Amino acid sequence: MKARSALVYSVLRLLAFLVPFGVLMLLPIMRDYYWLAAIFAALIGLSLSMLFLRRPLEDMAASMAERRARATAPVTDEDVEDAAADAVDSPKD
């Protein structure tokens, strides 16, 4: 996974939550009900990320899929046959 794409997406998601939370905490009523401000900020952040962070999410998902595809190399019949032949031919001590 490209560390840059994951870092960019994570920072943008944090900003999408922290900026509305900071603005809501400026309101006098939200200072008393900070948990309500956190809920509203989470909903606003989720909405903003769905609308504006589609490209960074796709970049991060593509790099994760690419990494997974490289990590799981398909096992071919030739590899299995070679392993079986090596197991038969190797002397037992």
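## Before we start

Because the model is predicted, local features need pLDDT of at least 70 and side-chain atom pairs count only at pLDDT 80 or more, while totals for chains, interfaces and linings use all residues. Residues are numbered from 1 along each chain as its sequence is written, and side-chain values use heavy atoms, with hydrogens and water left out.

Helices here are DSSP runs (H or I, at least four residues), numbered from the N terminus. Two packed helices are described by the angle between their axes and the distance between the axes. Each axis is a line fitted to C-alpha atoms, for helices over the stretch in contact, and angles run from 0 to 180 degrees between N-to-C directions.

## Where H1 meets H3

Let's begin with helix H1 (residues 3–25) and helix H3 (residues 34–52), whose axes come within 8 Å and cross at roughly 140°. That angle makes H1 oblique to H3; angles under 35 degrees count as roughly parallel, over 145 as roughly antiparallel, 65 to 115 as roughly perpendicular, and the rest as oblique. The crossing of H1 and H3 is right-handed. A crossing is right-handed if the near helix is turned clockwise from the far one by less than a right angle, and left-handed if anticlockwise.

Which residues of H1 and H3 meet? From H1 come Arg13, Ala16, Phe17, Pro20, Phe21, Leu24 and Met25, and from H3 come Tyr34, Ala37, Ala38, Phe40, Ala41, Ala42, Ile44, Gly45, Leu48 and Ser49. Contact means heavy atoms within 4.5 Å. By class, the residues of this contact are 14 nonpolar, two polar and one charged. Here Ala, Val, Leu, Ile, Met, Phe, Trp, Tyr, Cys and Pro count as nonpolar, Asp, Glu, Lys and Arg as charged, and the others, Gly among them, as polar.

## Where H1 meets H4

H1 also meets helix H4 (residues 54–71): their axes come within 9 Å and cross at roughly 145°. H1 passes H4 in a left-handed crossing. On the H1 side the contact involves Ser5, Ala6, Tyr9 and Leu12, and on the H4 side Pro56, Leu57, Asp59, Met60 and Ser63. This contact of H1 with H4 has six nonpolar, two polar and one charged residues.

## Aromatic pairs

How many aromatic pairs does a search of the whole structure find? There are two. Rings of Phe, Tyr and Trp (its six-membered ring) pair if their centres lie within 6.5 Å; planes under 30 degrees apart count as stacked, over 60 as edge-to-face, and the rest as tilted.

The rings of Phe17 and Phe21 have centres 5.7 Å apart and planes at 15°, so this pair is stacked. Both residues lie in H1, four residues apart, about one turn of the helix. Phe17 is partly exposed, with a relative accessible area of 28%, and Phe21 is partly exposed at 23%. (Buried means under 20% relative accessible area, exposed over 50%, and partly exposed in between, with a 1.4 Å probe and protein chains only.) Tyr33 and Trp35 form an edge-to-face pair, 6.2 Å centre to centre and with 90° between the planes. Tyr33 is partly exposed at 41%, and Trp35 is partly exposed at 48%.

## A few residues to look up

Leaving out residues up to four places away in sequence, Ser49 touches Arg13 and Arg54. Leu15, in H1, is partly exposed at 44%. Leu15 and Ser49 are 34 residues apart in sequence and 9.8 Å apart in space, C-alpha to C-alpha.

Phe52 also has its place in helix H3, and at 62% relative accessibility Phe52 counts as exposed. Phe52 and Leu12 are 40 residues apart in sequence and 9.8 Å apart in space, C-alpha to C-alpha.

Conventions
Helices (H or I, at least four residues) and strands (E, at least two) are DSSP runs, numbered from the N terminus.
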